[in-house]
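I opened my notebook to go through this model one item at a time. Here are the entries, in the order I made them.

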Protein chains: 2
Amino acid sequence: MQTDHIRLANQLCFSVYNTSRLFTKFYQRALSDFGLTYSQYLVLMALWEEDGQTLHQIGDALYLESNTLTPLLRRMEDAGWLTREKSTHDRRQLTVHLTAEGQKSQGPIQQAIAECIGKEHLDIDQYNDTQETISQLEMALRTLLTDESKMEE
Amino acid sequence: MQTDHIRLANQLCFSVYNTSRLFTKFYQRALSDFGLTYSQYLVLMALWEEDGQTLHQIGDALYLESNTLTPLLRRMEDAGWLTREKSTHDRRQLTVHLTAEGQKSQGPIQQAIAECIGKEHLDIDQYNDTQETISQLEMALRTLLTDESKMEE
DNA sequence: CTTTAATTAATCGCGCACGATTGAAAGTAG
DNA sequence: CTACTTTCAATCGTGCGCGATTAATTAAAG
């Protein structure tokens with residue numbers, strides 16, 4: 001029945017929405033000591049994995065675009081986490097490098113998160129298959145939404 | 001190992017964050033015709049279920065507070081979805097009522113969402129247990145975060 | 001080489017979320 | 001009744017997300 005479909009979609013969307021807000025708040029407890037937001041932590045993770053990425057590459061990794069990343073990266077530059085400079089071979093692009101502070105903070109930041117998980121007694125092992133389940137939903141929605149936008153062309 | 005815990009938490013949080021954004025975008029396709037945001041749709045759902053709730057009650061249902069709801073409800077009042085008036089028996093509280101437009105729009109809005117689910121071929125039945133799984137994570141995080149704030153008193 | 005198209009970061013405007021604070025109103029204690 | 005506490009909505013400031021547009025640069029086409 002169609003009504004049931006809507007109800008399930010509503011509940012699912014609402015739960016995901018709530019969980020995302022709660023997770024952000026959870027991470028904020030560990031990150032606030034460093035003056036970081038969750039989004040900024042995501043940028044650091046991307047750069048810890050590979051330094052010197054362009055804004056576009058970071059956006060590909062985090063599914064964000066310049067309208068979000070430009071001011072976000074500027075705030076992180078002001079805070080001393082990274083540097084922003086135009087690429088030499090293509091002056092349209094912006095290359096982002098970690099500062100020394102940004103590099104050496106990886107350990108302390110991740111330790112703070114680990115402590116937060118431990119101290120708050122979040123039994124994360126319990127959610128091994130939850131990650132798998134939510135990822136499938138994520139992929140389904142992503143292909144659904146990106147395929148549609150292709151149709152318009 | 002502690003590093004694995006962080007990695008799982010990071011992946012889980014990132015997936016939930018992405019899925020929430022994607023779901024919001026999905027709903028936006030149906031809601032934009034009515035000039036509604038997802039958050040505003042949540043308020044309408046709460047009022048369709050029980051009209052005449054106070055701001056506080058709506059906040060309890062959606063896990064939002066006055067700093068978010070006050071401007072949100074004002075915009076919805078300006079758009080003609082609802083009315084805001086101080087409660088007579090307790091002038092601190094704000095009572096929210098649906099307008100005639102807000103009441104009769106329930107059918108068309110939910111139909112638009114149903115059409116969106118159908119047209120986009122989102123096999124929502126596939127995610128029956130996903131709702132269960134994500135809800136458990138949501139509850140775990142909520143008790144974890146609200147119990148902690150109680151400790152501070 | 002010149003014109004056109006595509007790519008990229010930046011900008012703009014709006015609507016959340018949310019920590020923090022404020023002021024009004026109601027409840028409570030003495 | 002008075003003083004204190006609690007409970008409200010409202011306000012303020014900050015940082016996202018994101019649809020839409022703009023300007024600069026590069027790539028492609030003729």
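**DNA side**

I started with the surface near DNA strand D: its residues split into 12 polar, 8 charged and 3 nonpolar. The model is predicted, so I read these entries as computed from it. α4(A) provides the largest share, 4 residues.

**Helix α4(B)**

I checked the length of α4(B). Its 13 residues should span 18 Å at 1.5 Å a residue, and the end C-alpha atoms lie 17 Å apart, which agrees. I looked up its buried residues: Leu69(B), Leu72(B), Leu73(B) and Met76(B). Down the axis of α4(B) they fall within an arc of 100°, so they line one face of the helix. An α-helix has 3.6 residues a turn, so residues three or four places apart point the same way. I found Asn67(B), Thr70(B), Pro71(B), Arg74(B) and Asp78(B) exposed on the face turned away from the buried side. The cover over the buried residues includes α2 (38–49), α3, β1 (82–86) and β2 (94–98) of chain B. After α4(B) comes Gly80(B), with a positive phi near 90°.

**Chain contact**

Last, I turned to the two chains. I noted 42 residues of chain B in contact with 42 of chain A. On the chain B side, α1 (2–31), α6 (106–119) and α7 (128–151) each give two or more residues. α1(B) gives the most, 20 residues. I sorted that side into 23 nonpolar, 14 polar and 5 charged residues.

How values were computed:
Residues are numbered from 1 along each chain as its sequence is written. Chains are lettered from A and ligands numbered from 1 in the order in which they are written. This is a predicted model: local features need pLDDT of at least 70, side-chain atom pairs count only at pLDDT 80 or more; totals for chains, interfaces and linings use all residues. Two residues are in contact if their C-beta atoms, placed from the backbone, lie within 7 Å. Ala, Val, Leu, Ile, Met, Phe, Trp, Tyr, Cys and Pro count as nonpolar, Asp, Glu, Lys and Arg as charged, and the others, Gly among them, as polar. The expected span of a helix is 1.5 Å times one less than its number of residues. A residue is buried if 20 or more other C-beta atoms lie within 10 Å of its own, exposed if 12 or fewer, and partly exposed in between; C-beta atoms are placed from the backbone. The arc is that of the directions from the helix axis to the C-beta atoms.
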